Amino acid sequence: MKTWVKLALRELINHRGFSVFFLANLTLGLVGFIALDSFKLSLHEHIEKKSKAILAADLAVYASRPFTEEEETLLAQNLPPGTQVTRQINFMSMIQGPKETRLVEIVAVDSGYPLYGELTLKTGRVGAKEVQERLLSGNRAWVQPELVQLLGVEPQGQIRIGDQDFSVDDQLLEAPGQNFWNAGIAYKVFIGYDQALKTGLIRQGSRRYHYRLYKLPAGAEATPTARALYQALKAKFGPSPYLYLRTYSQANQQMSRILSYLNDYLGLVALVALFLAGMGTAFLFRSFLSQRLKDLAILRALGAKPWETVWLSVFQIAVLGAVAALLSSLLAQLALPLLVRLLSTFLPLGFVTLLSYKSMALAFGVGILGSALFCLPLLLGLLNLSPKLLLQETPATLAQEAGLSTWASALAYLPLGGLYWALAVWQSKSLFVGSLFLGGLALSALALSLLGLLPLWFGVRGLTGLSLSLRLALRNLGRGGGASVTSVIALGLGALLINLIPQIHEGLATEIASPDSTKLPSFFLFDIQPDQVAPLEEYVASLGYQAQNRSAMVLARLTHINDRSMDLEPEKQSQTREEENEEFTRRRDQNLSYRPNLYESEELVEGAWFPGPYNPAGLVLPELSLEVRFAERLGVGVGDKLSFDVQGVPVEGRVTSLRRVRWNSFTPNFFVLFQPGVLEDAPSTWLATVFHVPEDQKTGFQNQVNRHFTNVSLINVTGLVGKVLEIAGQVRWAIQVMAFLAVLAGLVVVYSIASFNAKARETEINLLKILGASFGHLQGMVALEFGLVGFFASLAGAALSLGIAWGLAQFLFERIFVINLWITGVTVGGVTLLSLFAGWLATRRTLAKSPAQLLSAL
Amino acid sequence: MSLELIGIEKNYRGAKNGPAVQVLSNLNLSLDQGKTLAILGQSGSGKSTLLSLIAGLDRPDRGQVILDGQDLGGLGEKALSSYRASKLGIVFQQFHLLPHLSALENVSLPLELMGKPQAVEAAREQLAQVGLTHRLQHFPSQLSGGECQRVAIARALAVRPKLLLADEPTGNLDEKTGQSLSDLFFSLVEQQQMTLLLVTHNQELAKRCERSLFLFEGALHENLG
Amino acid sequence: MKGLEWLAVLLGLFLAPPAFGQTKVLLLGDSLTAGFGVDPAQAYPVLVEAALKAKGYSVVFTNASVSGSTTASALGRLRWYLKTKPDLLYLALGANDGLRGQSVEGMKENLAATIRLAQAQGIKVLLVGMKMPPNYGAAYTKAFGQVYPELAKEYQLPLLPFVLDGVAGKPELNQADGIHPNGQGHRQVAELVTGFFISNLRP
């Protein structure tokens, strides 16, 4: 045993040049993987932290009444030690300023708030310390700026809340845990917790929410904690405790949708990184093994047993893999901060990079186990290796001399498939995504190998008349057999993986793009009565603006789907009553609308748009257009019949089209649209948007509209979506950076593969040189050979990646897919150039060397 | 074509920072057009170094390699390439055929490199001369050792080289095959009136040359048998 | 109203002509009366209608309540339903006006206009009162609470002073949002409302 270890190591050391070259390439590939994975982890942490600031806590428990002592004890018992807590009460109230009385939302916060994030006041950003010092030490209030004008209060002036006077201490621009959905109906006023209790507004019968906000200690996950807590509450107080739980991911639906995209996307990035690393490694090891073939034959000739040669190779693979993984882990420690510095101008504030130890461990796994398994057919083939190889004049190719039958090879690849499948499922945290990804990759490899075989069939023919370099290059490709197929697969898959992430990124980025602020409406107006629509439009016009996108909203109840009553359908088992209600309402109560045309933010995905107004004399049902995700939730599609109860009147329609809606367009969009000519006379309220109201005119505009149309409510859209847009912007940035890094890491791997290919050409180049081939000939040949392989392999890989990206988008990202041909071009060009560059580099080195080594030993 | 080596000296850097190893020292040689010369020597005596200097694959540290009055030292890399392609043929001990090319393609390759028209026809003819008409489309892996070496000889001769260098051409072959190959080799050399420089440690083979020299301690000595 | 007619003809389902002697009740309310968040069969109007029928009253309810609606929509909606020739208007609006802090005067005027239209059409009006929770502040809750008795007095209407009496503010009778009654809450509201109907209906 000791002899073998010694032999294995000595062999590696004696082939120093090769080992170093090999290690350098492998390390480079693995560094790319670790850096990518680490950056992914850092991004995820960063954005999660940001989104926690939206709820201002990991977990919130709330009730519409005070907590009982029993509940407090139970809560304390069921949260992990080290959990921080703060109390909060939210309620609506009419408060009085010098000029006017106004409905506001009072947010009474206590010591410790905010657990995450900061508040932005007019005078600067503040945290828990300032809350303690300023809000909790007297009757002081932080109010949203609009209120200052609406109430007519001076800075430091007085407002009356309940039967207490508060001084306006500062203006509140932004606060964690507050979505500004209510902004416009009720602006927010922050006061101290104890101060709120003294206003006399919190009494029996008061409508308010008591909150407990929790910040969990490091390492505790919010969702399982919430689940355990819910179970404990349920066990103690029965199935319907009057306490409600929220985790930060539930805090904002739009946000959680964006975050779940990000999660899946980053999972894919991790997969891509893993496969790039695995592929690069495996490819290199395969070449390594072919180079060692002769040495092994010698050993066999000297009497080594077949298995011993296999173990020797496995051991060498393990040693090289481990050294490369170690080196790359160390290098990643250096590379990551460098990368961060490089990106520092683009990085969001407070971005902290974390080194992913998981990815380092994976690098070891991929470096050693993955490669060994990838080489398994070859390793097993070594068992058939005969020393007669040594007696043959021309070194035979690996496939010829050592190898298994096609079927045995296919079987021997199964463990590799198993390993990568397991890794894929683990990295993507989804059985489905992992399997889908691996399946797509396997099919692509098959397609690429067919492409790689093409020159084998065509490469030989029709060569006369071509230039010598081209003929040489084509011959090499055509006759390269397994080697050129392998490099086509490797480069093609590389291009595929490189192109995949940017392709998916494009669709997602478009989906969550922060709309151009000039395209964002300033106000949402709702509750407009039908007879107010015209006067309101006129009035808004008289103020110099325009009311747009006015839409009728007709409340209806969905009663039947295809004549199957919704009442009879057994309720789905939901976790909480809240969810039940929500589910119920979502399925039953619908705001219907109608309009003659599609909005810019909509896109038909199936069926055809309404041909025109409904013809009541015809024999067909009115047409319906459903939002595609809503239709999926209901389980209906084009052709299905839906029946509604429109405030006492049954109305039926047939689904004729499905629409995809970009909800972030912030225009009035509806799940269900009726063909015009059906609902016009039904009782309705109307929505409208107003654009381009300058920031400093907004309060005035709001006041004026309110005075003339007291029942019409206005929502300040900018305030509402600001935070969501900010995070969406960061997510967008994050997926862009990851796409960029994936391209970079992919190119690194492609380079190491190409340079290895070039290295394998060294002997041949030497020979040609001796035969008198000129520098120009050789360069032309290498350029053509590597350029052709690079170009066609990457072209095919990129094309395949479009297919896979489309497939993944169908399942993961709700069919969001936008092709980015630009990045595809960059991928193809980049891989081709890198292949060329690697070929050029190797030729240059070889050309600089004396081919004398081909002559027999000195 | 005549070959003249004057005062050749070649050193190789030994192990790290170790002393340089002198391989050739003050080596002189003169070979006239149409003559055949064998250079004998033990392994490591510098035979291959000598060959690579003559082939223009390496440059001497001192001295001149003069071919037909042209000093190789004065030629650039490009000129050396074309010198090798047009005037030189080399036969290796390991054959060094390109594995992806058929026998015919291997032989036509140097002609193509020179841009000669009718390269394939010339190659076909050359292969016929070495008796491989029936093996034109075979790849090296499908040929026996003797056949491979015959392809290699055909390749070396295809360009009608002025100087033929042979490095242990039968070294990799069994005795019988070696025998018949050397018969073929020398008959072709004779027939084409080629200048031949043969490097070997095989006395039998050396005897078939008009003259043989012994490389020892970096210089050439008359072969005393 | 042309659209309504064809709709009625087409579907043949529009409010079948009443049998002789039935009292047609139109309920104009908000989410509370629409039964927001509970099964339609659990909503209090359904329970009240059944209870009245069980007690021998010949009534048929049309529930024209819309979640989130304010008094501003009352007049327009009543006009739409006049076609059904109701005998009785159960007017239960105002909660959303109050919750949004809208002007009490505007709300009173909206309700008054609706009552006047109903009375002009010979429809008897039952007025259903609402109260604001104390957190809205004493001044506002007081002004809001006075609207209903004032209207009842002015137009001589039967008044149910507070439809959520005994339900509001009790977590166990309300949904998670603390404002909409749950099934239990609706049952309690139904009892109260049934009594209110009985004292204002002839059997």
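**Exercise 1.** At 1.5 Å a residue, what should the 18 residues of helix H6 (residues 175-192) of chain B span, and how far apart are its end C-alpha atoms? Then state which residues of H6(B) are buried and what follows the helix.

*Solution.* The model is a predicted one.

Step 1. The expected span of a helix is 1.5 Å times one less than its number of residues. For the 18 residues of H6(B) this gives 26 Å, and the end C-alpha atoms are 26 Å apart, so the two values agree.

Step 2. Along H6(B), the buried residues are B:Gly178, B:Leu181, B:Ser182, B:Leu184, B:Phe185, B:Phe186, B:Leu188 and B:Val189.

Step 3. After H6(B) comes B:Gln193, with a positive phi near 55°.

**Exercise 2.** Describe the cover of helix H1 (residues 47-54) of chain B and the residue that follows this helix.

*Solution.* 

Step 1. H1(B) is mostly covered, with eight of its eight residues buried.

Step 2. These are B:Lys47, B:Ser48, B:Thr49, B:Leu50, B:Leu51, B:Ser52, B:Leu53 and B:Ile54.

Step 3. B:Gly56 follows H1(B), and its phi is positive, near 75°.

**Exercise 3.** Find the strands at the edges of the open four-stranded sheet of chain B.

*Solution.* 

Step 1. Strands of a sheet pair through backbone hydrogen bonds, in a parallel or an antiparallel way. In this sheet of chain B the order is E2-E1-E4-E5, and the pairing is antiparallel.

Step 2. Strand E2 (21-31) and strand E5 (70-71) of chain B each have a single partner strand, so they stand at the edges and one side of each has no neighbour in the sheet.

Step 3. E5(B) pairs with strand E4 (residues 62-67) of chain B over two bridges, in the antiparallel sense. B:Gln70, in E5(B), is the bridge partner of B:Leu67.

**Exercise 4.** Summarise chain C: its helices and strands, its pattern and its burial.

*Solution.* 

Step 1. Chain C has eight helices and five strands. Along the sequence they follow the pattern α-β-α-α-β-α-β-α-α-β-α-β-α.

Step 2. Of its 203 residues, 59% count as buried. The accessible surface of chain C is about 8,300 Å², and 57% of this belongs to carbon and sulfur atoms.

Definitions and conventions. Residues are numbered from 1 along each chain as its sequence is written. Chains are lettered from A and ligands numbered from 1 in the order in which they are written. This is a predicted model: local features need pLDDT of at least 70, side-chain atom pairs count only at pLDDT 80 or more; totals for chains, interfaces and linings use all residues. Side-chain values use heavy atoms; hydrogens and water are left out. Buried means under 20% relative accessible area, exposed over 50%, partly exposed in between (1.4 Å probe, protein chains only). Accessible areas come from the Shrake-Rupley method with a 1.4 Å probe; for residues, only the protein chains shown count as cover. Two strands pair if DSSP finds at least two bridges between them.
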